Amino acid sequence: MTWGGGMGGGGFGAPGGFGRAAAPGLPFAGIPSELQEGVDRLLESEPEHAGSELTFDQIETADETRRLSLWQILTKYPAMLVAAGVLVLVIAIASQAGPEITAQAIDRGMLAGHGNFGLVAMLAGLYLLTIVVTGVAQRSQVQVTGRIAAWVMHDLRIRVFTHLQRLSLGFFTAEKAGVVMSRMTADIENLQQLLQDGLSQLAIQALTMVVITTVLFATNVKLAAITVLLIVPALVIASIWFKRASERGYERVRDGIANVLADLSESLHGVRIVTAHNRQRRNVVHHRNILGEYRDANIYTAQVNAVYGPGTQLLGVLGQGALLAIGGTMVLHGSLQLGQLVAFFLYLNRFFQPIQLLVQQYNTFQQGQASILKLRTLLDVEPEVAEAADARELAPIDGEIVFDHVSFGYDPALPVIEDVDLRIAPGETVAFVGPTGAGKSTLAKLVTRFYDPTSGRILIDGHDLRDVTMRSLRRQLGVVPQEPFLFAGTIGDNIAFARPTATDAEIHEAVTAVGLDGVVARASDGLDTVVHERGQTLSSGERQLIALARAFLARPRVLVLDEATSNLDLQSETTIESALDVLLENRTAILIAHRLSTAMRADRIAVVDQGRIVEVGPHAELVERGGRYAEMYATWVRQSEVSEHR
Ligand code: ADP
């Protein structure tokens, strides 16, 4: 097994990792030698991206606290931005030089005197040159903006992810997970679209219109004024209508597809219930209705496009007719040259395209802006449990925990924990028992500082949790949740999760200590066996043992352990109970016990009910006292007897 060094700081979930895959000698992994030269050349011409300097710290850096805005995003790479600006200007001018050159060729080269072949040839060459310049500039511009977009998106993804790591547990409810996913996918993609083409197209088209209008006015003020007056108002009205109608249409399409996907996902997840209750036929009808709405929305947007595109083209043709009449008359009267009229015709055609594109790009722009707003809202969420600026390192602790008149509510108006007072001595195990919803897990979450108490204090070795850094606190705290989470990677990776630097020997020690050896021996590759998605290929008892080994390896002074509620077979239960014995030895532990058999083994038992601790004491004492615990115990004994007799 090559696990100590190979694992190092390497990421989870990347078996092999890029670094190793690209190493020479591995089959199919290196760059073929005949391509290497080309790759080297490419790499040489590739500008350096400094990479992101974001690292994780509990407190945001100055750069991250700047509010997200389009401007902030754009000015992050000023040199590239200037390059993009210059290229956009070059494109707008060079691509519109053609008609003007044509006009010159006609008026000066063909009509003046006996014609001037040399001049016409030179102008033709110039025309060609402008096309080449436009092409080259367009290529560079797409490269530059593509690169800006890629860099910016990379930074932004890291920034959002880092921010998420910093947020408190309260943020991560099931509902939020969907929202966060859509921020990271749809919204970041919208933004990418905007940065990649949207903004540059918007700038190019707007500039093109300015260039064309300027040239028209410079050529002939009167004709330019007439053209603009005839065409622009109609075009503006049509475009405003289109913008509104298409926005409405796209909203319907978006809603439509969202409903279709939601219905699809629901029927996939609920397939067992659907089948069991014979709902297939009704589901199909329901889905058809939803699909029908989606289809109608698509038809509507297609119709809107069908009116606008050809409509503006018609306007263009009408404009050309008017231009022919008016411009033609002017040519006959000698107030306009023929070449100039031709230029007017050519420019008129080109005038419509930017407007059509502008209207379309406007959608991209708006979506991008909306996405920035949503991402900004996400980045503006403050962690509820924030680290104090003057938080101190928590020195190695003995493990005394004191709840000092602690009250807490997820919603401050609805207290879940009320005035809890409890001292847990170093090395002591206290089991919390009580009905579901009593507040046992909440008490545990307060100790790990996933939430802060609304009033009162929690002290660890005499230090208020709020006065010490989270890193130093959590380094000495171990948490074993009810349903352990396994990450993509090997069993070994998962055990070493809290201490990636652990040596082979240490991992083996943890494995043996919790009695996981049998499982590891049975697994195909021992500790290197890959656990598939969230460990679904392992039994729940095995997952639990891995979580216990993980906690053992982390060697925390204080352990918070939520016992699994799932029914384990007798043998797994025995293995886990002995693993617990090893794990809890010499540690302070809070044990949320769902089985009285587990609770009985603790030094003391605290009965939690409706957010209060109603009884505390060792098992024997509580049974003797004849209170709540004694009642629970009596019921449990009766039930065990009944099941034994069966
Ligand atoms: P126990 O662990 O004893 O079953 P909990 O501590 O999980 O109980 O829950 C105590 C109360 O707090 C319950 O009424 C539960 O509905 C509520 N609660 C638990 N988690 C949350 C949460 N994230 N947001 C709001 N209320 C919660």
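This is a predicted model: local features need pLDDT of at least 70, side-chain atom pairs count only at pLDDT 80 or more; totals for chains, interfaces and linings use all residues.
Q: OK, so where does Asp581 fall, buried, partly exposed or exposed?
A: Asp581 has a relative accessibility of 40%, so it counts as partly exposed.

Q: And which residue does Asp581 pair with in a salt bridge?
A: Its side chain meets that of Arg601, at 2.6 Å from N to O, and the two sit in distant parts of the chain, with Asp581 in helix H20 and Arg601 in the loop between helix H21 and S11. Salt bridges with shared partners join Glu577, Asp581 and Arg601 into one network.

Q: How many salt bridges are there?
A: The count comes to 19, including one between Glu418 and Arg612, whose closest N and O atoms are 3.3 Å apart. Glu418 lies in strand S2 and Arg612 in strand S12, so this pair ties together parts that are 194 residues apart in sequence.

Q: What about Glu428, buried or exposed?
A: Glu428 is buried, because its relative accessibility is 12%, and it forms a salt bridge with Arg604 in which the closest N and O atoms are 2.5 Å apart.

Q: Switching topic, what is the volume of the second largest pocket?
A: That pocket has a volume of about 730 Å³, and among the residues closest to its centre are Tyr250 and Arg254.

Q: Which helix gives the most to the lining of the second largest pocket?
A: H10 does, with 10 residues, while helices H9 and H13 each supply at least two. The lining of this pocket divides into 8 nonpolar, 10 polar and 6 charged residues.

Definitions and conventions:
Residues are numbered from 1 along each chain as its sequence is written. Side-chain values use heavy atoms; hydrogens and water are left out. On a 1 Å grid over the protein atoms alone, a cavity is a set of points where a 1.4 Å probe fits but cannot get out, and a pocket is an open set with protein on both sides within 12 Å along at least five of seven lines; lining residues have an atom within 4 Å of a point. Grid points are joined across faces, edges and corners, and a volume is the space filled by probe spheres set on the points. Helices (H or I, at least four residues) and strands (E, at least two) are DSSP runs, numbered from the N terminus. Ala, Val, Leu, Ile, Met, Phe, Trp, Tyr, Cys and Pro count as nonpolar, Asp, Glu, Lys and Arg as charged, and the others, Gly among them, as polar. A salt bridge is a side-chain nitrogen of Lys or Arg within 4 Å of a carboxyl oxygen of Asp or Glu. Buried means under 20% relative accessible area, exposed over 50%, partly exposed in between (1.4 Å probe, protein chains only).
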